[in-house]
Amino acid sequence: NRKGQNGNELGVNRAWTNSANLHYRNRKFSGRFGYRMNGLQIENPRITSNAFVGRQVREAQHLIDINFEYSISKWARLFVSGQNMLNGLRVTEQRFAERPGANSLATSNSLGRTFTVGVTGEFGDVPLRWPWAR
């Protein structure tokens, strides 16, 4: 939170960032539900267009992530993970006092949903058995 005479002119400035996670675990199963919020980000505090002065900002983002794990054995776990489940957008606007808010959009990018599935584990104590070893 930069303050002072040139507080908004010190480069990229994000007003607020927050995250919360809810995690459950038992012997065989674990799950996590996560929320991330990236607040309004000032990318350029002073832009000029047609002799008007404004600023370029990136809108706040709300992102939901999930993660599930199931123990297959003592040393191996199956996991499923998903990021950005709400398919949040990355929106950049150029804001001018003289321009209506509906005309402020500069860019909008879809971050997309990402899913990962795999097996993870601890293999240090597991003896390796090659097909030719008996």
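Basis. I worked from a predicted model, in which local features need pLDDT of at least 70 and side-chain atom pairs count only at pLDDT 80 or more, while totals for chains, interfaces and linings use all residues. Residues are numbered from 1 along each chain as its sequence is written, and side-chain values use heavy atoms, with hydrogens and water left out.

Sheet. I traced an open sheet of five strands, antiparallel in pairing and ordered β1-β4-β5-β8-β9; strands are DSSP runs of E of at least two residues, numbered from the N terminus, and two strands pair if DSSP finds at least two bridges between them. β1 (13-14) and β9 (105-110) stand at the edges with a single partner strand each, so one side of each has no neighbour in the sheet. Within the sheet I looked up β5 (residues 52-58) and β8 (residues 89-96), which pair in the antiparallel sense over five bridges, and I noted Thr-92 in β8 as the bridge partner of Arg-58.

Loop. I then turned to Gly-88, which lies in the loop between β7 and β8 and is buried, with a relative accessible area of 14% (buried means under 20%, exposed over 50%, partly exposed in between, with a 1.4 Å probe and protein chains only). Gly-88 is 25 residues from Leu-63 in sequence, yet their C-alpha atoms are 6.2 Å apart in space.

Patch. I found a nonpolar surface patch of about 840 Å², with Tyr-24, Phe-29 and Val-119 among its residues. β6 (61-71), β7 (76-83) and β10 (114-121) each supply at least two residues of the patch. Patches are made of residues with over 30% relative accessible area and no salt bridge, where like charges are joined within 9 Å and nonpolar side chains (Val, Leu, Ile, Met, Phe, Trp, Tyr) within 5 Å; a salt bridge is a side-chain nitrogen of Lys or Arg within 4 Å of a carboxyl oxygen of Asp or Glu. Tyr-24, in strand β2 (residues 17-25), is partly exposed at 48% relative accessible area.

Notes: Accessible areas come from the Shrake-Rupley method with a 1.4 Å probe; for residues, only the protein chains shown count as cover. Helices (H or I, at least four residues) and strands (E, at least two) are DSSP runs, numbered from the N terminus.
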